[in-house]
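Work through the exercises below with the sequence and the model open. Try each task before you read its solution.

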Amino acid sequence: TNFEKTPAGSMEIKDQEYFDNALVMVAMIKAGVELAFEEMVKVGMKPESAYYESLHETPLIANTIARKKLYEMNRIISDTAEYGCYLYTQACMPMLTDFMAKIDTSVIGTKYNKGDNGVDNQKLIAVNEAIQSHPVEVVGKQLRGYMTAMKKISQSE
């Protein structure tokens, strides 16, 4: 596809600008991780394994896609993960097609909120609590607690 042939950009995009302009994509990734976790657990996978297959591997997958595009991601991951990607894509495409048909495409790639980025603090706290209480986050927090040899993300800590 044309996406696959597009060379990687060299521009720097600040975090706030990225999130202002990538709202739909960020929401889809969050929903996709949660849905993948829920579906894997529903069919009998242990929640710990479902965590690793959904949320824990997301940074690796995103990095691989950014560097190598989608085709290369599928080429270098395990056959099991590639097959899972294929099955998940087949299940998601009808849902995404319906969803995207109802989206005003003018919001894609543009700043969603044209005004101030201020958010009601109480509403933000409630949203963050809801995200943190999703089972994938609860299981992930427990498993990350066992990973004592991991380096800190921030050098200032």
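**Exercise 1. The nonpolar patch**

Task: Which residues make the nonpolar surface patch, and which helices supply at least two residues each?

Solution: 
- Start with the members. In this predicted model, Met11, Ile13, Tyr18, Phe19, Met25 and Ile29 make a nonpolar surface patch of about 580 Å².
- Next, assign the helices. Helix H2 (15–21) supplies at least two residues of the patch, and so does helix H3 (23–42).
- Now check one member. Ile29 lies in helix H3.
- Its relative accessible area is 44%. A patch residue needs over 30%, so Ile29, at 44%, passes that cut-off.
- Ile29 is classed as partly exposed, because that class runs between the 20% and 50% limits.

**Exercise 2. The salt bridges**

Task: How many salt bridges does a search of the whole structure find? Locate each one and classify its residues as buried, partly exposed or exposed.

Solution: 
- The count is two.
- Take Lys30 and Glu34. Their side chains meet in a salt bridge, with 2.9 Å from N to O.
- Both Lys30 and Glu34 sit in helix H3, four residues apart, which is about one turn of the helix.
- Classify the pair. Lys30 has a relative accessible area of 38% and is partly exposed. Glu34 is at 14% and counts as buried, because buried means under 20%.
- Turn to Glu39 and Lys42. In this salt bridge the closest N and O atoms are 3.2 Å apart.
- Helix H3 holds both Glu39 and Lys42, three residues apart, again about one turn of the helix.
- Classify this pair too. Glu39 is partly exposed, at 33%. Lys42 reaches 62% and is exposed, because exposed means over 50%.

**Exercise 3. Packing of H3 and H4**

Task: How do the axes of H3 and helix H4 cross, and are the two helices roughly parallel or roughly antiparallel?

Solution: 
- Find the partner. Helix H4 covers residues 47–56.
- Read the distance and the angle. The axes of H3 and H4 come within 9 Å and cross at roughly 150°.
- Apply the cut-off. Angles over 145 degrees count as roughly antiparallel, so H3 is roughly antiparallel to H4.
- The crossing of H3 and H4 is right-handed.
- Look at one residue from each helix. Met40 is in helix H3, and Ser49 is in helix H4.
- Compare their classes. Met40 is buried, with a relative accessible area of 17%. Ser49 is partly exposed, at 35%.
- Check a C-alpha distance from Met40. Met40 and Tyr51 are eleven residues apart along the chain, and their C-alpha atoms are separated by 9.2 Å.

**Exercise 4. Distances across the sequence**

Solution: 
- Ile108 has 41% relative accessibility and counts as partly exposed.
- Go on to Ser49. Ser49 and Val139 are 90 residues apart in sequence and 9.7 Å apart in space, C-alpha to C-alpha.

**Exercise 5. The whole chain**

Task: How many helices and strands does the protein chain have, and what share of its residues is buried?

Solution: 
- Count the elements. The chain has eight helices and zero strands.
- Write them in order. From the N terminus on, they run α-α-α-α-α-α-α-α.
- Find the buried share. Of the 157 residues in the protein chain, 14% are buried.

Notes:
Residues numbered from 1 in each chain as written. Predicted model: local features only at pLDDT ≥ 70, side-chain atom pairs only at ≥ 80, totals over all residues. Heavy atoms only, no water. Patch = residues over 30% accessible without salt bridge, like charges linked within 9 Å, V, L, I, M, F, W, Y side chains within 5 Å. Areas by Shrake-Rupley, 256 points an atom, 1.4 Å probe, with all protein chains shown as cover. Salt bridge = Lys/Arg side-chain N within 4 Å of Asp/Glu carboxyl O. Buried < 20%, exposed > 50% of the residue type's maximum accessible area, 1.4 Å probe, protein only. Axes fitted to C-alpha atoms, helices over the stretch in contact; angles between N-to-C directions. Parallel < 35°, antiparallel > 145°, perpendicular 65-115°, else oblique. Left-handed = near helix turned anticlockwise from the far one by under 90°.
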